[in-house]
Amino acid sequence: MYVMSLINDMRRRKAEGSSKKDGPYDEERTQMLKREGAASHTPQQAATAAAAVAGAPSLAAIQARCRPQLGWAVGVVFLLLPFLQAYVQPPEIFWKALLAASLLFLGYHVMTFKRWADEFPYVLRFLVCFAAMIVELLSENVMVWIVSATDMRKYDDPPGLQDNAEIALNFLAGKHALLGWFIYGKWANIMHFLGCVLCLAFSVAWEQHPYSGFGVMARFSLTICFSRILRTASFMCTVLPSPRPGCYRRRFPPPPDSVSGIIWVGIRELRGFGGCNDLIFSGHGAFWSLGPLMFQTYYPNKFSTALLWIALVQTSIRDVIDKQHYSVDMFLAVVVTWAVWSWLRWVYPEGQLLPQRPEGAAADKPNALVLTLVGVGLLTAAVAVFVAKS
């Protein structure tokens with residue numbers, strides 16, 4: 001009807017002999033055509049067109065600035081190293097030499113990094129997010145102890161809950177040798193996921209992707225903070241029995257009689273290996289989930305992203321089989337972490353690329369503050385490993 005009214009209006013103007021172009025009419029018709037054109041596009045096409053209008057980089061533009069060596073590094077961490085550990089079992093000196101070579105490689109690229117000035121705008125953002133993560137983790141440390149110490153059934157050894165996923169997985173493992181290997185196999189662990197996170201964060205020093213290392217780690221730190229706030233609220237609301245009965249008697253002394261005494265024990269002792277209840281959801285599952293999420297967001301490489309998701313599925317299954325967590329803990333760890341990661345896109349959106357450096361531009365000189373912040377980045381990794389074991 002709207003189109004017909006415009007046609008009738010045009011005919012009326014022509015009949016009146018008006019040869020003057022009507023500005024408002026042309027503008028109205030242009031807007032109508034734009035609306036009709038937008039309506040004819042799919043949502044994905046419309047989003048792409050909106051991104052183009054807003055000046056956001058396309059996926060092809062981002063991939064053009066990514067280099068393949070980071071993907072190879074993921075293959076080494078998640079395929080070659082686990083193979084060596086499981087089948088070759090090199091001597092301890094091999095692993096020490098590998099670690100030393102990795103640190104030397106990192107140190108060289110940090111010292112010769114050319115674009116420190118581009119990283120400075122993200123330094124404060126990272127420090128704020130890192131501080132928020134530390135505050136949350138210290139608070140959670142107290143809560144993990146409190147929920148264990150105040151459990152009214154901690155000496156009753158209640159049986160674990162029925163886990164239907166565990167039952168199904170054990171059934172499937174006996175159906176085929178390959179399924180049995182995938183379900184029971186000791187493949188990746190937290191150190192492998194940590195290695196890939198560090199590769200992504202520091203690979204800006206060897207120009208593997210067009211993003212700020214401080215920006216990436218800012219979103220990483222704040223995601224840990226907010227996801228674990230939700231985790232702490234969950235396990236404090238409802239006390240669930242551990243998949244392994246008898247945990248409290250094996251691991252913890254009798255709690256103090258006073259509330260203040262219980263709190264003080266939680267403050268003075270760091271507990272990086274969890275409490276004695278099912279702490280829904282899994283803390284290390286949440287940490288593992290950040291690996292594929294970070295690569296999917298900041299390094300759009302199909303091989304490395306797919307490998308990380310497969311590793312996440314396998315390690316989550318193994319945690320259930322080993323009775324470290326219930327399957328619901330692993331499922332919620334992935335879902336909640338993914339949701340929080342998406343909510344926190346504003347911390348460092350993937351459209352915020354570092355500017356391309358002109359050919360032959362002089363390198364920015366590092367200073368003591370920059371190198372200290374790199375050390376803080378490595379400290380982030382150490383803290384993440386400690387708390388992710390709970």
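The legends below describe close-up views of a predicted model.

**Figure 1. Overall content of the chain.** The chain holds 18 helices and zero strands. Of its 390 residues, 44% count as buried. Among contacts with a separation of 6 or more, 87% are between residues 24 or more positions apart.

**Figure 2. Segments annotated as transmembrane region.** An unreviewed UniProt entry lists residues 70-87, 93-111, 123-147, 191-208, 326-348 and 368-388 under this name. In the model, residues 70-87 are 100% helix, with end C-alpha atoms 25 Å apart. Residues 93-111 are likewise 100% helix, and their end C-alpha atoms are 27 Å apart.

**Figure 3. Helix H11 and its N-terminal cap.** Helix H11 covers residues 190-202. At 1.5 Å a residue its 13 residues should span 18 Å, which agrees with the 18 Å between its end C-alpha atoms. Asn189 caps the N-terminal end, with a side-chain oxygen 2.9 Å from the backbone nitrogen of Met191. Buried residues of H11 include His192, Phe193, Cys196 and Val197.

**Figure 4. The salt bridge between Arg231 and Glu140.** The side chains of Arg231 and Glu140 meet at 2.3 Å, N to O. The pair links helix H12 (residues 213-237), which holds Arg231, to helix H8 (residues 123-149), which holds Glu140, across 91 residues. Both partners are under the 20% limit for burial: Arg231 has a relative accessible area of 0% and Glu140 one of 4%.

**Figure 5. The salt bridge between Lys323 and Glu166.** The closest N and O atoms of Lys323 and Glu166 are 2.9 Å apart. Lys323 lies in the loop between helix H16 (302-321) and helix H17 (327-343) and Glu166 in helix H9 (residues 164-173), so the pair ties together parts 157 residues apart in sequence. Lys323 is partly exposed at 35% relative accessibility, whereas Glu166 is buried at 15%.

**Figure 6. The salt bridge between Arg219 and Glu350.** The side chains of Arg219 and Glu350 meet at 3.7 Å, N to O. Arg219 is in helix H12 and Glu350 in the loop between H17 and helix H18 (368-388), 131 residues apart. Arg219 is buried at 3% relative accessibility, while Glu350 is partly exposed at 25%. Elsewhere, salt bridges with shared partners join Glu140, Arg228 and Arg231 into one network.

Figure 7. Asp278 sits in the loop between helix H14 (259-268) and helix H15 (283-298). Asp278 is buried but has no salt bridge; Arg231, the nearest side chain of opposite charge, is 7.8 Å away. Among the residues that Asp278 touches are Phe235, Pro241, His325 and Asp329.

**Figure 8. The contact between His284 and Asp319.** His284 lies in helix H15 and is buried, with a relative accessible area of 9%. A polar contact of 2.2 Å joins the side chains of His284 and Asp319.

Terms used:
Residues are numbered from 1 along each chain as its sequence is written. This is a predicted model: local features need pLDDT of at least 70, side-chain atom pairs count only at pLDDT 80 or more; totals for chains, interfaces and linings use all residues. Side-chain values use heavy atoms; hydrogens and water are left out. Helices (H or I, at least four residues) and strands (E, at least two) are DSSP runs, numbered from the N terminus. Buried means under 20% relative accessible area, exposed over 50%, partly exposed in between (1.4 Å probe, protein chains only). Lys and Arg count as positive and Asp and Glu as negative; His and the chain ends are not counted. A salt bridge is a side-chain nitrogen of Lys or Arg within 4 Å of a carboxyl oxygen of Asp or Glu. Contact means heavy atoms within 4.5 Å. UniProt positions are given in the numbering used here, feature names are shortened, and annotations may be inferred rather than shown by experiment. The expected span of a helix is 1.5 Å times one less than its number of residues. A polar contact is a pair of N or O atoms within 3.5 Å; within protein, one must be able to donate a hydrogen and the other to accept it, and residues adjacent in sequence count only if both atoms are side-chain atoms. Lists of a residue's contacts leave out its neighbours within four places in sequence.
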